[in-house]
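The sequence and the model come first.

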Amino acid sequence: MILFAARHLAMTKSTGHFPLAAHRYIARCHFKPESLVQRARLARSFGSSGPSSKTDSQAKDIVPKKKSFWNTFLGVLVKRTVIGAGIISSSVVTLLVAFFIYDSQTYNQDCCNENLQVPKFALDPETGGPENLPILRSQLDAMDTDSKKQAYRKPKLVILGSGWGSVALLNNLNPSDYDVTVVSPTNYFLFTPMLPCAAVGTLEIKTLMESIRSILRSVNGHYLQGYADKILFDEKLVQISCKGSDDGNQKFYLPYDKLVVAVGSTSNTHGVTGLQYCHQLKTAADALQIKRQIVGNLEKACLPTTTDEERKRLLSFVVCGGGPTGVELAAEIFDLLNEDLTATYPKILKQEVSIHIIQSRSHVLNTYDKTISEYAMKRFENDNIDLLTNARVNEILPNEVVFNQKNSITGELETKTVPFGLCVWSTGVSQNPLAQSVTASLSEHQHNKRAIQTDAHLRVLGAPLGDVYAIGDCATVKTDLAEHTVEYIRHYVVNKYFNQRSQRNQIITDDDIMHLLLSHSELMELKRHISTKHPLASESLEFITELIPKYDTGNTGKLSFDQITRLLKEIDSKVTSLPATAQRAHQQGTYLGKKLSKLTSSNTTLSIDTIMKGDIDDAIAKPFKYQHLGSLAYIGNSAVFDLPGRSFVGGLVAMYLWRGIYFAQSVSMRTRVLLFMDWLNRGIFGRTCISI
């Protein structure tokens, strides 16, 4: 083809005409010689031989091929748009068809005619115990599947509560190790950190809930709806109360081999009267009631019979407590009224809305870093949220809160009142009724009035060793370093100076221990030994270097038993209690779930010496150590992060990061999908101001 074009192009040398055939070929190959000079150059680059040329008139009749629309930029764009739309439409149609095919398979019309096996004692429980109540030794679904049949022969693990600690324990438990039963008045797990969002309609309440039965499916467990009234430690029974078919209370016993108490806590009243006029925010029902109250107040404020004074009272929202829950709720209420109120309600309502936070300390978020607290207060001041700091509530009346506030100038207390249409009480935690029952029945070993005391392995003090554990808000880890001084020193001396098995049998009396003198270097070794036994006290034990000179008054380089005891007592006073947060309960549940699974697999491999000591937990697992990962708080289209070693505050970017962290912590894919859909719905349509 090239030679053919060259021969025709070369004829221009002799004839002076551009051959028609060459013209067509060049046009076909998209050559565009626009001048005779270009044509001559083409001809010279090829040979001079070829067929006869056409006339000039024939050459003039040739019209260059016009450029197609589909080859232009606009044409290519249209073509690609059509192709892309077709692919997307086809994909959507394919997904819809696949969904309907899947959905059609979810409808089961088969009748259940198979012969079911049900344990006899599940249908007709035996009676016994101190009150001669039914004893539920078998569950109705104990024979439903092969996995449950195998679990039926395993040790019985009873978990009281369905919160963060319980769910974390279930997620870390080996399914084949225990016959698990969860007892709780609610048959769902509630994502409590985002309850303020549900109280104003940012999220639907079902988004924060996950069926406890669905979670139990992974460990072939059972669920019973009821309250645990008390624990009979000697008989290994839990007394359960539940509502019967006639709405009356019924009671029965539930036996256990291992028991985990994770019942949470209640709100601390601080002796304030009139709390019946307040709302709390701890359950799903609380969030729904707050939302119903907010919407109801807005509707009443629109009525022609409502006076201006009454309207201002209805639109006054008071939060008692400046902790994370109170701050986040105040921020969510502000967002609702600022972003969605004017879209659906008269604009005059926005002018009469007021939000108040009553805080006993000088600043809100007092457990966070100071910079975070100051940032939150400035943010609220810019949003016209009234911060009543250094104030304590005296009493709550039906329509107003009475409180004492310290005058910033004179320092004197002044009694003030603030009217409210909605008041929320969020001021700390107190003991659950079951926790009170446990501490009362084990009063010789339980001395904390706020929580059940456990050892470093989360075992309830006073209960049979290794039978009962307590985690979450209802429990606290007791250290009491000074009370165990003799034990610590004896263990240290035996391990250091009597390494051989034959020497370990040598008796070391308490009198020998009390007359020992330990050098400063030996005290540092003792500190490391105590840290392994009580990880929660490890930070406070770092003060031992500073305190040694205080108690070594004679500069002898050694401390006596009495001096060591006083030193450990001072260190013990510096040990802080664990925070009552979801993070703490989750870590404890994870630790305990792994340890309980390890217990079942280690019972046959433990050494005789370990079993004789009686502390099997200590033989197979290290004591629990809480690791603080940081605290978060939402403060109105922004968020704050109190992380170990640094703090971070920000606007929308921080808010999206806050959302992302909680999105990742959701317990199932279902709740993650619902979270995304609720946030998308809020962004497109706004919050729903509807109450039922």
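A residue is called buried when its relative accessible area is under 20%. The structure is a predicted model, and by the definition above both phenylalanine 191 and tyrosine 662 are buried.

**Aromatic rings**

A pair of aromatic rings is described by the distance of the centres and the angle of the planes. The model holds eight aromatic pairs. One of them joins phenylalanine 191 to tyrosine 662, with 5.7 Å from centre to centre and 85 degrees between the planes. The pair counts as edge-to-face because the angle is over 60 degrees.

The two partners come from distant parts of the chain, 471 residues apart. Phenylalanine 191 sits in the loop between strand S5 (188-190) and helix H10 (195-199), while tyrosine 662 belongs to helix H29 (residues 652-665). Both residues are also members of a cluster linked by ring pairs, together with Trp164, Phe189, Tyr634 and Trp658.

**Arginine 584**

Arginine 584 lies in helix H26 (residues 582-602). What does a buried arginine 584 have as its nearest side chain of opposite charge? That side chain is aspartate 473, at 4.5 Å. Arginine 584 has no salt bridge, because a salt bridge needs the atoms within 4 Å.

The side chain of arginine 584 does reach backbone oxygens, as the table shows.

| Backbone oxygen | Distance to the side chain of arginine 584 |
|---|---|
| glycine 472 | 3.2 Å |
| proline 579 | 3.2 Å |

Leaving out residues up to four places away in sequence, arginine 584 touches Gly472, Asp473, Ala475, Thr476, Leu578, Pro579 and Tyr626.

Note on methods
Residues are numbered from 1 along each chain as its sequence is written. This is a predicted model: local features need pLDDT of at least 70, side-chain atom pairs count only at pLDDT 80 or more; totals for chains, interfaces and linings use all residues. Side-chain values use heavy atoms; hydrogens and water are left out. Rings of Phe, Tyr and Trp (its six-membered ring) pair if their centres lie within 6.5 Å; planes under 30 degrees apart count as stacked, over 60 as edge-to-face and the rest as tilted. Helices (H or I, at least four residues) and strands (E, at least two) are DSSP runs, numbered from the N terminus. Buried means under 20% relative accessible area, exposed over 50%, partly exposed in between (1.4 Å probe, protein chains only). Lys and Arg count as positive and Asp and Glu as negative; His and the chain ends are not counted. A polar contact is a pair of N or O atoms within 3.5 Å; within protein, one must be able to donate a hydrogen and the other to accept it, and residues adjacent in sequence count only if both atoms are side-chain atoms. Contact means heavy atoms within 4.5 Å.
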